[in-house]
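Open the model in your viewer and keep the selection tool ready. This tour goes stop by stop, from the whole chain down to single residues.

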Amino acid sequence: MLAISGIYMVTSGKSLKATRPTGHSRRSFAELHCLSHYSFLRGASHPEELVVQAAKLGYRAVALTDECSFAGLVKAHLAAKEHDIQLIVGAEFHLEEGLH
C-alpha cells in the first residue's frame, strides 16, 4: 500500500511504470516527508513505489525521509532517474535530550 499526500494505492506486484501527466498538468509540488518500509513499523511502501506514485501524480520531486536510515536511497534514486523526478534525500534522526 502506498501513501503519498493521503492518496493510497495497493500494488499488485506487477511492474511499476508511471504514466505522468504532461504539459501544464505537471504540478510544482514536492512531497517533503515520505517513509518507506525501511522505517520499521511506520512505513509500508517500497522506496521505488513512492517515486512511481509521485511521478503518476505529476510531482516534480519527492523526499525519502526514513527514520534513522538511508537504506532505501539507492532504490529510490534509480527509480527517480528512470521516471525523471527529483529525489530529495533526508532522514529522521532522534537525538538524546539536550543534544542539538
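Helices here are DSSP runs of H or I with at least four residues, strands are runs of E with at least two, and numbering goes from the N terminus. From that end, the elements run β-β-β-α-β-α-β. This is a predicted model, in which local features need pLDDT of at least 70 and side-chain atom pairs count only at pLDDT 80 or more, while totals for chains, interfaces and linings use all residues. Residues are numbered from 1 along each chain as its sequence is written, and side-chain values use heavy atoms, with hydrogens and water left out.

Colour by burial next. Of the 100 residues, 40% count as buried. Buried means under 20% relative accessible area, exposed means over 50%, and partly exposed lies in between, using a 1.4 Å probe and protein chains only.

**Stop 1: the sheet**

Select E3, E4 and E5. These 3 strands form an open sheet in the order E3-E4-E5, with parallel pairing. Strand E3 (30-31) and strand E5 (86-92) stand at the edges with a single partner strand each, so one side of each has no neighbour in the sheet. Two strands pair if DSSP finds at least two bridges between them. E4 (residues 61-67) and E5 are joined in the parallel sense over 7 bridges. To see one of the pairings, pick Ala-63: its bridge partner in E5 is Ile-88.

**Stop 2: Thr-65**

Stay in strand E4 and select Thr-65. Is Thr-65 buried or exposed? Thr-65 is buried, with a relative accessible area of 9%. Its side chain makes a polar contact of 3.0 Å with the side chain of His-33. Such a contact is a pair of N or O atoms within 3.5 Å; within protein, one must be able to donate a hydrogen and the other to accept it, and residues adjacent in sequence count only if both atoms are side-chain atoms.

**Stop 3: the core**

Now show nonpolar side chains. A nonpolar core is a set of buried Ala, Val, Leu, Ile, Met, Phe, Trp, Tyr and Cys residues joined through side-chain atoms within 4.5 Å. The largest one has 14 residues, and Val-51, Val-62, Leu-64, Ile-85 and Leu-87 have the most contacts inside it. Helix H1 (47-56), E4 and H2 each supply at least two residues of this core. The largest share, 4 residues, comes from H2.

Zoom in on Leu-64. Beyond neighbours within four places in sequence, its contacts (heavy atoms within 4.5 Å) include Cys-34, Leu-50, Ala-76 and Leu-87.

**Stop 4: helix H2**

Select residues 73-82: this is H2, which lies across E4 and E5 and runs at about 165° to E5. Axes are lines fitted to C-alpha atoms, for helices over the stretch in contact, and angles run from 0 to 180 degrees between N-to-C directions.

Which residues of H2 are buried? They are Leu-73, Ala-76, Ala-79 and Ala-80. Seen down the helix axis, they fall within an arc of 130°, so they line one face of H2. The arc is that of the directions from the helix axis to the C-beta atoms. H1, E4 and E5 are among what covers these buried residues.

Pick Ala-79 within H2. Ala-79 has a relative accessible area of 6%. Not counting residues up to four places away in sequence, Ala-79 touches Glu-48 and Val-51.

Finish just after H2, at Asp-84, which takes a positive phi of about 50°.
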